[in-house]
Amino acid sequence: MLTDFMAIRFYIALFVCGLGFSQTTDSIIDGTKNTIKTIEVQPDSTQVKEFVDNEFAAQIDEKWLEELYSNALFDTIYKSVTELDFKDVDFPELPTDTLKARLKELDARTPFNVEYNPSLESVIKSYLKHRRNSIQKLISLSAYYFPMFERELDLYDIPLEVKYLAIVESALKPRARSRVGATGLWQFMFSTGKMYGLDVSSYVDERSDPIKSTEAAAKYLAKLYEIFGDWDLALAAYNSGPGNVSKAIRRSGGYQNYWNIRHNLPRETAGYLPAFLANMYIFEYAEQHGFKKIKPETAYFETDTVRVKQMITLDQVSEVTGTPIEALQFLNPSYKLDIIPFIKEEKYTLRLPREVMGAFVTNEDSIYAFAKAEFDKREKPLPQFFNADEKIRYRVKSGDYLGKISRMYGVRVSDIKRWNGLRNNDLSIGQRLTIFPRKPHVSTPQKTASTTTQTIKPKPISGEVTIYTVQSGDSLWSISQKFSGVSVQNIKEWNGISGNKLKPGMKLKIGKS
């Protein structure tokens, strides 16, 4: 793939050749001086045929180049939409005439082109027939997320219906991660998230922050609409990249309507807008189809945030406020290790239910003193804060293999092979590997008299299991920190624990991350 610099030179060369200029230029590549001579183009004496690009598509490319994406555009930006076959679906509960009338009503109140066509009818009926349970869960969950989405979208003059895009992208799961690494409610890739201000570090992934990621998505969509001037095309570009959309426009003969260029888009993008429109229709007419709008356990307006003044863990917050750890994890999904760090130049916040916010603020000093005392008692230091785009050099030791190293740093084996140009899984002792870690590496503590290791395979845990004996003064949090990649929630699930209290002598099953 061309670098930005090479791509710009390439476009300039084409431009100069196209005008028939003749010139000589010098450039430095890899420290070597190169002379590039452009020879004047001589037209064929027997036939001259002028090829004219599609003006609208060319303008898109020019604007997007200005956005510094140039030829890169996107490798893959967001989670692929499940492939749709658009086959006829027998669903007599929704007559075609009724659907046409409702889509016409919906089209009148939204800037999207919600026009009836057999493909859209197929998707809507398929969802209603085969996905009722999941749709009901999404409708209930949307009661929490949609109010915060609408606020951010309105700030950037984005149609409020765009909130339904998060359903297609992530099924409203803040920590959703696609097979190519797109993360969060709006499925940002690492580089795109960084471009739009989403920080990713050893402790925090703001792509999973509902407010910050929605703001970034709104900015990104606003730029796409500015370029395309059409919301359907903007959404298609959001999924597959502006380059794929401009190519589809060219291949279709210059059409600028999504449905006319759909057959020229990547397969997953061809089903992207129909999936979005189908979800929009179902949510807008949910009651007519028998879905219930259930109040969520926690509504957005029933929560508030406070800026942290010192490092603190969600487990500690749970202990002092009585709020279940699961609720805190739901409200604060961007903290990867359930730790809220304190960095002077950053503004990290804790979201809490309103009923405990007053008590937390009133007793802040005591709470932070408690947290510090807990940290001081730790058997090992907390992971060092680092930005996820920092690389490390790892020296291969005896007994190492790619799978083991990948788990240490929270990356894929394929990533390590790609970063180091490895064609197979063979490693040599002393070999140096470049790694871009996604999580800090903390060594598993040495086995002591209070721990015994045995290999069992109960249903909740796959692989090797450690039986840990609870000691006086232990907490779920302190135990989780003794095992690499293990969270408080992991321990609870593996042992069927609902609360946070432990008794000395209790046996806990600990699996490997």
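Quick housekeeping: residues are numbered from 1 along each chain as its sequence is written. It's a predicted model, so local features need pLDDT of at least 70 and side-chain atom pairs count only at pLDDT 80 or more, while totals for chains, interfaces and linings use all residues, and side-chain values use heavy atoms, with hydrogens and water left out. Helices (H or I, at least four residues) and strands (E, at least two) are DSSP runs, numbered from the N terminus.

Okay, the pair. Helix α3, residues 96-108, packs with helix α13, residues 272-284, at an angle of about 95°, and their axes are 11 Å apart. Axes here are lines fitted to C-alpha atoms over the stretch in contact, with angles from 0 to 180 degrees between N-to-C directions. So α3 and α13 are roughly perpendicular (that's 65 to 115 degrees). Touching, meaning heavy atoms within 4.5 Å, are Leu99, Arg102, Leu103 and Leu106 from α3, and Met280, Tyr281 and Glu284 from α13.

Next, α5, residues 132-155. How does its span compare with what its 24 residues should give? At 1.5 Å a residue they should span 34 Å, and the end C-alpha atoms are 33 Å apart, which agrees. Still, α5 bends by about 50° at Ala143, with Pro147 following within four residues. That bend is the angle between axes fitted to the seven residues ending there and the seven starting there. Just after α5, Asp157 has a positive phi of about 55°.

Last one: Ser334, in the loop between α15 (325-331) and β5 (339-340). Buried or exposed? Ser334 has 4% relative accessibility, so it counts as buried (under 20% relative accessible area, 1.4 Å probe, protein chains only). Leaving out residues up to four places away in sequence, Ser334 touches Tyr203, Val204, Asp205, Glu206, Ser208 and Asp209.

Note on methods. Parallel < 35°, antiparallel > 145°, perpendicular 65-115°, else oblique. Expected span 1.5 Å × (residues − 1). Buried < 20%, exposed > 50% of the residue type's maximum accessible area, 1.4 Å probe, protein only.
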